[in-house]
Amino acid sequence: MIKLDYIFESSWEVCNKIGGIYTVLSSKARTLKNDFNDSIIFIGPDLNNNPNDFIEDNTIFCDWKKSLPENLKIRTGRWDIPGEPLVFLVSYKTFFDRRDSLYYDIWNSFRVNSSHAYGDYDNSCIFAYAVGLVIENFYRFHKLTGKKVVAVFNEWMLGMGALYIQKHVPAVATLFVTHATTTGRSIAGNHKPLYSCLKSYNGDQMAKELNVEAKHSLEKQTAMFADCFTTVSDITALECEQLLDKAPDAVTPNGFERDFVPVGDSYVKKRAEARQRLMYVVEKLTGRPVDKDAFLVSTSGRYEYRNKGIDVFIDVMNTLRRSKTNRRETVAFIMVPAWVYAARADLKYILENDYDMTAPMQMPFLTHWLNDMDGDHVMNYIFSSGFTNTASENLRIIFVPCYLDGNDQIFNMSYYDLLIGMDATVFASYYEPWGYTPLESIAFGVPTVTTNLAGFGLWASTLISGNDIQEGVSVIKRTDDNYFEVVNNIADTLSELMNADAQAVRNNCFHIARQAEWDKFITRYYAAFNIALANAGKRNGT
């Protein structure tokens with residue numbers, strides 16, 4: 001195993017659960033902690049709240065904290081996840097007055113063009129700059145000259161920190177991980193053909209056309225200058241090479257940890273509790289019982305309507321709804337955080353009082369009210385597809401548009417605590433650099449349908465045929481122009497699964513998931529650390 005004195009890993013999602021990178025880091029932490037003890041330190045933003053996964057401890061590095069400049073404020077503690085690694089939460093807003101000089105300096109030194117910045121660019125860059133200051137001050141206070149120190153920066157949001165360290169603390173080896181390219185995601189999200197036309201795209205030109213120039217510039221230059229540039233899958237490596245003009249130095253796929261998954265009697269109990277809660281909410285919302293053997297299927301993830309295949313999922317359910325051969329009662333859940341206004345007060349009252357419902361509620365597809373009901377893609381497509389959720393239909397579809405953290409006021413259970421109750425998941429992604437959601441699914445014993453355009457799908461296809469859902473994972477071939485073929489193939493796959501041996505399929509899921517645990521994938525990161533250290537040594541003539 002590689003020997004390091006310190007590893008700093010920074011992300012906007014450290015102690016800030018908003019997306020898949022949180023799962024990457026929090027599941028990886030125990031393996032890193034086992035190998036490096038308290039030499040691994042995660043750095044995230046201090047958002048002036050008290051995250052429930054942060055255990056503050058003011059005694060950690062108190063002498064160093066006293067030495068920090070007055071405007072560099074951090075909170076120290078431990079991340080309340082398996083392994084409980086050290087974590088620094090950095091307050092960054094005090095540095096906004098340095099924005100213009102920072103952008104000038106980063107242009108002058110690395111040719112990062114921030115002139116067309118908008119939206120979350122400023123917040124991300126100022127936070128990343130503050131992360132750079134923290135690492136620099138820690139390095140100098142603890143006299144780490146001559147020590148092996150690696151700093152890992154996740155996504156373009158932390159690019160400014162990587163470049164700051166590259167310039168001001170060149171002895172620290174920098175590793176930049178992109179989980180998806182800004183321009184690639186934008187091409188796909190704007191309904192342009194990414195894969196059939198990839199080799200004809202110029203990244204700079206497309207970034208300008210799609211109005212993501214600043215983010216693209218930062219991402220591209222960080223990839224160019226970091227001591228080691230990595231991405232999460234082979235399919236995204238091709239994208240990086242074309243759009244960023246830089247092939248990754250290494251591919252570092254995302255693993256998972258079984259710590260998050262209950263076992264034995266606890267698994268059986270958790271699954272039963274999940275199904276009971278899911279069915280209870282559906283019964284109240286739609287005004288009729290759900291059969292105890294109903295087939296529960298879901299999709300989830302980031303609200304990228306086309307990229308994540310949410311449109312495909314709805315069409316698949318519509319195909320099953322209209323099928324003359326599908327006789328098994330089915331409930332489909334779209335668990336995708338949207339622009340939520342509030343939990344439905346009427347539904348909440350009925351759930352809390354166990355009110356007997358004999359007819360569907362108003363809008364029997366929706367658990368939480370949205371700010372823009374008329375403009376929501378999912379709701380519009382559910383309506384236009386003709387779903388009714390009435391007694392005349394054997395398939396009901398439910399949109400759960402909130403973040404399932406256990407405090408949503410309707411389910412009041414976390415995503416994992418509900419996932420375990422599903423019979424299947426579908427992630428018909430068009431753009432999916434890795435694909436944590438299908439990996440999470442099989443880790444919980446839930447068979448999943450993914451595509452060959454997902455990094456996870458490609459990886460799974462190296463272990464199994466991908467053509468038989470009874471293996472635990474079905475990998476559907478998706479291209480730029482076979483949408484309806486994908487819909488029909490997934491509908492057929494789910495119909496087959498409804499008649500399969502559920503326990504045998506579940507065991508196959510667990511078997512595949514074990515091949516994707518972090519102890520199998522972490523060596524890819526350690527190889528990347530060695531690349532970063534070697535290149536940093538060359539830069540510094542050591």
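**View 1. Cys15 counts as buried at 8% relative accessibility.** Buried means under 20% relative accessible area, exposed over 50%, and partly exposed in between, with a 1.4 Å probe and protein chains only. The model is predicted: local features need pLDDT of at least 70 and side-chain atom pairs count only at pLDDT 80 or more, while totals for chains, interfaces and linings use all residues. Residues are numbered from 1 along each chain as its sequence is written, and side-chain values use heavy atoms, with hydrogens and water left out. The structure holds zero disulfides, a disulfide being a pair of cysteine sulfur atoms within 2.5 Å. For Cys15, the nearest cysteine sulfur is that of Cys62, 20 Å away.

**View 2. Cys125 is in no disulfide.** The nearest cysteine sulfur to that of Cys125 belongs to Cys240 and lies 18 Å away. Cys125 is buried, with a relative accessible area of 0%.

**View 3. Nine strands form an open sheet with mixed pairing.** Helices (H or I, at least four residues) and strands (E, at least two) are DSSP runs, numbered from the N terminus. Two strands pair if DSSP finds at least two bridges between them. The strand order is β3-β4-β5-β2-β1-β6-β7-β8-β9. β3 (54-56) and β9 (250-251) stand at the edges; each has a single partner strand, so one side of each is left without a neighbour in the sheet.

**View 4. Strand β6 (residues 149-154) is largely enclosed by the rest of the structure, because six of its six residues are buried.** Val149, Ala151 and Phe153 point one way from β6, and Val150, Val152 and Asn154 point the other way. In a regular strand the side chains alternate between the two faces of the sheet.

**View 5. β6 is joined to β1 (residues 6-10) by five bridges and to β7 (residues 173-178) by five bridges.** β1 and β6 run parallel, and β6 and β7 also run parallel. Opposite Val150 in β6 stands Ile7, and opposite Phe153 in β6 stands Ser10. Phe153 also stands opposite Phe176 in β7. Strands of a sheet pair through backbone hydrogen bonds, either parallel or antiparallel.

**View 6. A right-handed β-α-β unit is made by β6, helix α5 (residues 159-168) and β7.** A crossover is right-handed if, with the strands pointing away from the viewer, the path from the first strand over the helix to the second runs clockwise.

**View 7. Helix α8 (residues 213-225) has end C-alpha atoms 18 Å apart, which agrees with the span of 18 Å for its 13 residues at 1.5 Å a residue.** The expected span is 1.5 Å times one less than the number of residues. Of the 13 residues of α8, 10 are buried, so the helix is largely enclosed by the rest of the structure. Among the buried residues are Ala214, His216, Leu218, Gln221 and Ala223.

**View 8. Glu219, in helix α8, is buried with a relative accessible area of 0%.** Not counting residues up to four places away in sequence, Glu219 touches Trp156, Phe176, Thr178, Ala180, Thr181, Thr182 and Leu244, where contact means heavy atoms within 4.5 Å. The side chains of Glu219 and Thr178 make a polar contact (3.1 Å). A polar contact is a pair of N or O atoms within 3.5 Å; within protein, one must be able to donate a hydrogen and the other to accept it, and residues adjacent in sequence count only if both atoms are side-chain atoms.
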